[in-house]
Amino acid sequence: MWLWRRRPSERDVDDEIAFHLGEEARLRVERGAAPDDASAGAHRAFGNVTLVREVTRDMCGTRGFASVMQDARLGLRLLLRHRLFATFSIVSLALGVGGTSAVFSLYDAVVLRQLPVHAPEQLVTLALHQEGRQPNSFMPFPQFEAMRQGTQSLEGLFARTGVPMLSVSAGATTGIASAMAVTGAYHGTLGVRPAIGRLLTPADDVAGAPAVVVFSHAYWRRNFGGRATVLGETITLNQVPFTIVGVEPAGFFGVTVGLAPDMTLPMRASSRLSDNEPPWNDAFGTWIEAMGRLRPGVSTARATEELDVIFRQVSLDAAGDAALDSDDARFARATHLRARPGATGGVSGLRNRYERGLQLLLTLLGGVLVLASLNVAALLLSRSEARRDEIAIRLALGAGRARLLLQLLTESAVIAAGGGALGLLVAWRGSELLLRLAMPNTTVLPIDLSPDLRIVAFTSFVSIAGCLVFGLLPAVRTTASAPASSRGEVGGRRRRWVDRVLVMSQTAVALVLVVTAGLFVNSLRNLWAQDTGYDRRNVLMFSIDARLAGQRGLTAMQTYQRVLEQLRAYPAAQSVSVSTVRQVSSTYYFIDRVTSVGDRLLSADAPIRVAYNQLGPGYFQTMGMRLVAGRDFGWRDGPDAPPVAIISQQMARHFVGDPVGQRFALGPDDVREVIGVAADSRYARITDAPREVVYLPFFAQVSPRYAPTYEIKYAGTTADAVRAVGEAVARVDSSLALFGTRTLEVETQNSLARERMLAGLTTYFGAFAWLLAGIGLYGLLTCTVAQRTREFGLRIALGASPGAIRLAVLRESAGTVVVGLLAGVGLALLALRVIRAQLYGVAPVDSMIVAVAVLVLLALGGCASLLPARRASRIDPMTALRQD
C-alpha cells in the first residue's frame, strides 16, 4: 500500500505546480501581458521546476523510491541498448543461480524438508539399538502394541509396513499398484485431512473389520480421473475385495521420502493378501516401523526413557525361561529403544544414498555460481571503462558519489533480478530432471518438488549475493575516478591488476571444476569397465507374481514352471532361467546367517552373514557366470530331493579343503550339501565388493515366498524379445502382469544412477566453467587493448613491429592464465581429498587428469587471446594518438 501511494503523490505535486504556474500566468494576462509572455514570466517567477519537485519529494519522503525506480528504468534501457552483454550476463547468472537452486531444491526435498503434516516437529521415530551395531528401525509387534497402550509421553503412535506389489482390478481394468499397510492411528496421528471421503481410523484396523482402502491423491487422479463418485466402490486387490473410503490430500506422500505408495490399507486387513499371517505375537520378529507424536511439553528424551522401559519389559517377559545364550535372550538383554526426531520422516533409502552426493554437488555448484558472478563482474568492469567519461562528467557537474554508486548497483540488481527469475525457472525444471536421473525407473516422482518459499528465498539470496559480488567492485572503481584524471589516462596498471585477479580466480575455479568432472567421469568409466562376474549383453529380465492372479502354493509354482517352458520354446532364446533375486538390484536383497560350516559350529555371536538367491536350472549359463567347481542345479533338485546349495568363491573360503560335498547350516533345521562353487559376482550393487552368497534351487520350494524374475539370453533385438516374452506369459495365463522388464545392461546402468548423475552434472558444469573462463579472459584482453590503445599506437609509431605487439598481449594473457592455473592445481588437490570417498578406482593424485585439464585451459587461453592480440597489432598510430 505504501508503494501504491507514490504515484498519486507525484501527480499531486505536478498538479500543484501546474496550478501555481497557471494562476500566475492568468494574473499576468489580466494585467495586460501577452499569453506567451505571461507563461514565460510565470516560469521565471516560479523558479526551477525540477528543483521544486526534488525538494517536495524530500519533504514527502518519496525521493528515494523515485530515484530507485529511475535507476531501474535507466538500467533496463542500458541493457536493451547492449543486448549481447545483457543476454550473456543474465544467462550465465541464471545457469549459476538455477543450477545451485535446482540442487538445493532436491536436497531440500530429500533431506531438509519436513513432512507435509500437522506440526511435524512433534513427530518421533522409534528404533532399536544394540551396542556395536547400526540402529534398526524395524521392531516386533507385541512391544509396539504395549507401548501404544501404555505410553503417557505420546498422544499418538502408529506402525507401518510395506506391502508387496498388488494386482488391482477395478471394473474391467487390471493394473499393478504399490501399497502401505498401517495401523489405525496412522492418519489421525499425522493430522492429515482427506481430499474426499474419510481416512483410516482405529476401527478399520481390528480383526473382522470390513476391508477398506484409501487412495493417494496422485493415484486417484491418475487412474480414476479425480472422480468423486469413486467413494464406496469396490476394487479387488489380489482377488480380495476392498472398499474405497477416501483419498489422501494432494502433496502427502506418506512418512518416507522417496516412497509414495499408491494406496494405504489397514494392517489387519492387508494380512488377507498373503498366505502367511504376519507374526503378530512374535516378540523377536522385527517387521514394522513405528512413529509417534509427542504430547505438548514432552521431550524426546523423556519419551525414550518411558518407551524403553515398556519395550524391555515385554522383551524380557517374552524371553522367559529361554537359555541365556539363545538369540531371544540376547535380544531381550541387549536391545534398547530410542526415540529420535521424526519431522523429516522415517529412514529413507533415497536420502541415505544421495545425501552426500547432493552436498558435494551443492559445493561444486557454489563454485559455478562464484565463477558466473566473477564473469559478470569482469564484463561490468570492461563496460565501466566505456562509461568512465560519462561518470567523470557527472562527478564534475556535482553528482554525489554515493548517488552514482547506488545507480550502478541498481543496474547490477536489474541483471541479478533477471538472472534470478530465469534461475528460478531453471531450478524448477532442473530439480525434476535431477530426480529422474537419480530414479530412472520411476514413472511417477515420489517427491513433491514444487517450488516453495524456501526455494524462492534461497534463489533470491544467491541472486542478491551475486549482485553484491559482481556489482560492487565495478561500481566502486568507476565512481572512484577523479574527474580531472578521467581523460588522457594511459595504462592504469592498478586497475588492470584487479581485472587480472578476477580472471585468475575464474581460471582457478574453472580448473577445479574441470578436474572434478574428469575424476567423476574416470570413476564412472572404471565402474563400467570392471569385471562384474556376469555377461550383461543381450539378457532380458522381467518379473511376474502368480499370487496377484489369485494363485497360491503348488499352483503358483506350476505356473512359474510352465512360463519357463514357454520361454524356452522361443526360437531366439539361447538360454532361459528364473531367480528370486535380480542381479545388481538393491531392491531385492535377502540376508541369512550360516551357523555351521563343515564340521565347525560357528559362534552364535559371529555367524557368517550371507546373501542368498533361489535359482532355476541354467541360471549361470544365462547370466554368463562361471561355475568353478561342482555342478549346476537341475530339475532333479526338487522338493523331495536332499537339500543342496551352490556357494560363491567368497563363501567357499570359509571351508577347509574342497567345499563340494561338504555341508553347512542356515539354521538348526536347514542343513545343506554344497554341490557347486560359482565365481564371485557383484550382487546388489556394482560398487559392492564380492561377498558371501548362497544359491538355493528355486523349484525345491513348495510355495513361492517372493515374485520371481526370469532371465532370457536372446539373439536379435530387445523389442522382439520383449514382445515374445509377453506372448509366452499370456499363453500360460493372460491375467499375469509383467513388471520390471529391463535388460541386464540397463539394470546395471541404473545401479550406477548416482555415479552417472555426479559425472554428468560435473561434466556439464565443468564445460560451462571452461566457457565462462574463456569469455572472461577474452573480455579482460579486449578491455586491456582498449585501455592501452594510445600506448600500443605510440610503440608502433616508434618502430615496434605488429608481431612484437601481438607477443606482448599474448605474454600478458599467458602470465594471467598460468598464475590462475597454479592456484587452481592447489585447489584441485584440496578438492580431491574431499571427494575421494565418492570415487572408484581413481588414484589419490591423478596427474593425468590434472595435466589434461591444464592443457585444455591453456588452449582456451590461447584461443581467447588471439583476437585481442591481432586487434592490438593493427592499431593505427595516428588514430590512436588523436584520441585525446
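## Briefing: loops, strands, helices and a surface patch

A119 sits in the loop between α5 (83–112) and β1 (123–129); helices (H or I, at least four residues) and strands (E, at least two) are DSSP runs, numbered from the N terminus. This is a predicted model, in which local features need pLDDT of at least 70, side-chain atom pairs count only at pLDDT 80 or more, and totals for chains, interfaces and linings use all residues. Residues are numbered from 1 along each chain as its sequence is written, and side-chain values use heavy atoms, with hydrogens and water left out.

**Positive phi values**

- A119 has a phi near 45 degrees, a positive value in a residue other than glycine.
- With a relative accessible area of 14%, A119 is buried (buried means under 20% relative accessible area, exposed over 50%, and partly exposed in between, with a 1.4 Å probe and protein chains only).
- N238, in the loop between β6 and β7, also belongs under this heading, with a positive phi near 50 degrees in a residue other than glycine.
- N238 counts as buried too, at 5% relative accessibility.
- G799, the residue that follows α23, has a positive phi near 115 degrees.

**Strand β6 and its partners**

- Strand β6 (residues 234–237) shows I235 and L237 on its covered face, while T234 and T236 make up the uncovered one.
- On one side of the story is strand β2 (residues 154–170), which pairs with β6 in the antiparallel sense over 2 bridges; two strands pair if DSSP finds at least two bridges between them.
- In this pairing, T236 of β6 has S169 opposite.
- β6 also pairs with strand β7 (residues 240–247), again antiparallel, over 4 bridges.
- Here L237 stands opposite V240 in β7, and the hairpin has 2 residues between the strands.

**Helices and what they bury**

- Helix α21 (residues 744–751) has L744, E747, T748, N750 and S751 as its buried residues.
- Seen down the axis of α21, these buried residues fall within an arc of 160 degrees, so they line one face of the helix; the arc is that of the directions from the helix axis to the C-beta atoms.
- As background, an α-helix has 3.6 residues a turn, so residues three or four places apart point the same way.
- Helix α23 (residues 789–797) buries T789, E791, F792, G793 and I796.

- R351 belongs to helix α12 (residues 349–386) and is buried, with a relative accessible area of 11%.
- Neighbours within four places in sequence aside, R351 is in contact with V110, V111, V257, T344, G345 and G346 (contact means heavy atoms within 4.5 Å).
- T559, in helix α17 (residues 553–568), counts as buried at 3% relative accessibility.
- With neighbours within four places in sequence set aside, T559 is in contact with A546, Q551, V732 and L736.

**A nonpolar surface patch**

- W770, L771, M848, V852 and V856 make a nonpolar surface patch of about 440 Å².
- Patches are made of residues with over 30% relative accessible area and no salt bridge, where like charges are joined within 9 Å and nonpolar side chains (Val, Leu, Ile, Met, Phe, Trp, Tyr) within 5 Å.
- A salt bridge is a side-chain nitrogen of Lys or Arg within 4 Å of a carboxyl oxygen of Asp or Glu.
- α22 (753–787) and α25 (847–873) are the elements that give two or more residues to the patch, and α25 gives the most, with 3 residues.
- V852 lies in helix α25 and is partly exposed, with a relative accessible area of 44%.

Terms used: Areas by Shrake-Rupley, 256 points an atom, 1.4 Å probe, with all protein chains shown as cover.
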